[in-house]
Each structure stands twice: as C-alpha cells, then as structure tokens.
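Please look at the structure shown below. The paragraphs that follow lead through its nonpolar cores, one of its pockets and its aromatic rings.

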Amino acid sequence: PSAGNFETVPSSASNLGPTSKKLSDQVKERIEYLKKMHPNETSIPSDLVYTSASGIDPHISLFGAFYQVDRIAKARSLHEVDKNKIIDLILSNKENTYVNVLILNLALDGIFNE
C-alpha cells in the first residue's frame with residue numbers, strides 16, 4: 001500500500017499515529033482484503049498492511065514477496081510451473097531481507113515478456 005496512493009508528486013506520509021481510528025480502519029480493511037485473496041494463509045506480512053513512511057518506498061520484505069507469488073502469477077497470466085521462476089527471481093533480487101519491487105518487476109518483465 002502507498003500512503004500517497006502511488007502518486008510520486010508530492011510524496012508524503014499519512015501522518016496518522018498509532019491511536020488513529022482512521023489508520024486502524026485502513027489496516028483492518030487491508031487485512032480483510034488479504035484474507036480474501038489468500039484464504040489459506042494464516043499470517044499476513046505487516047508491510048502489506050501498513051504503508052511506508054514516504055508512501056513510495058520500493059521495498060517489501062521477502063515474506064511479503066513470497067506471500068504474493070500466486071498473485072504475481074495470476075496477474076501475469078502465468079502457469080503453475082512459472083511460480084518457481086518467480087521464487088528464483090525474488091531470491092536473486094533480494095537485498096538482505098527485502099526485495100526492491102521495481103527491480104523485481106523489471107526482472108519479471110525480462111523473463112516473462114520475451
């Protein structure tokens with residue numbers, strides 16, 4: 001999620017604090033959405049529920065990336081066999097415990113749009 005709704009100008013955070021009802025409602029909505037998208041998963045990566053400070057942070061956790069492998073495959077109309085290639089790309093594009101989503105998407109484009 002992006003606090004700036006994926007707008008690059010201006011970039012800013014929501015400035016909602018931990019006691020904010022609006023933030024609490026947004027987090028609950030995201031959790032419910034992810035539960036519907038991934039009904040068999042028991043835990044949800046926190047970085048997919050909360051927004052980044054700037055609203056345009058290109059990184060997500062490895063857990064967040066692996067959590068979305070099925071969604072990546074579906075969005076790109078890929079077959080079950082291609083999921084292993086997606087996992088390999090996540091691992092080969094990791095930066096410590098994070099993945100730069102832009103770089104991963106470019107790598108996915110290079111592999112699957114040949």
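The largest nonpolar core has 15 residues, and those touching the most other members are Ile86, Leu89, Ile90, Val99, Leu104, Leu108 and Phe112. A nonpolar core is here a set of buried Ala, Val, Leu, Ile, Met, Phe, Trp, Tyr and Cys residues joined through side-chain atoms within 4.5 Å; buried means under 20% relative accessible area, exposed over 50%, and partly exposed in between, with a 1.4 Å probe and protein chains only. Two or more residues of this core come from each of helix H2 (62-67), helix H3 (69-75), helix H4 (82-92) and helix H5 (101-112). Helices (H or I, at least four residues) are DSSP runs, numbered from the N terminus. H5 gives the largest share of the core, four residues.

This is a predicted model, in which local features need pLDDT of at least 70 and side-chain atom pairs count only at pLDDT 80 or more, while totals for chains, interfaces and linings use all residues. Residues are numbered from 1 along each chain as its sequence is written, and side-chain values use heavy atoms, with hydrogens and water left out.

Leucine 104 is in contact (heavy atoms within 4.5 Å) with Leu89, Ile90, Asn93 and Val99, residues up to four places away in sequence not being counted. There is also a second, separate core of six residues, among them Leu23, Leu34, Leu48 and Val49.

The second largest pocket has a volume of about 230 Å³, the volume being the space filled by probe spheres set on grid points that are joined across faces, edges and corners. A pocket is an open set of points on a 1 Å grid over the protein atoms alone, where a 1.4 Å probe fits, with protein on both sides within 12 Å along at least five of seven lines; lining residues have an atom within 4 Å of a point. Its lining includes Met37, His38, Phe66, Tyr67 and Arg71. H3 supplies the largest share of this lining, five residues.

Which two rings form the aromatic pair? The count comes to one pair, for rings of Phe, Tyr and Trp (its six-membered ring) with centres within 6.5 Å; planes under 30 degrees apart count as stacked, over 60 as edge-to-face and the rest as tilted. Phenylalanine 63 and tyrosine 67 have ring centres 6.3 Å apart and planes at 80 degrees, so the pair is edge-to-face. Phenylalanine 63 is partly exposed at 41% relative accessible area, whereas tyrosine 67 is buried at 5%.
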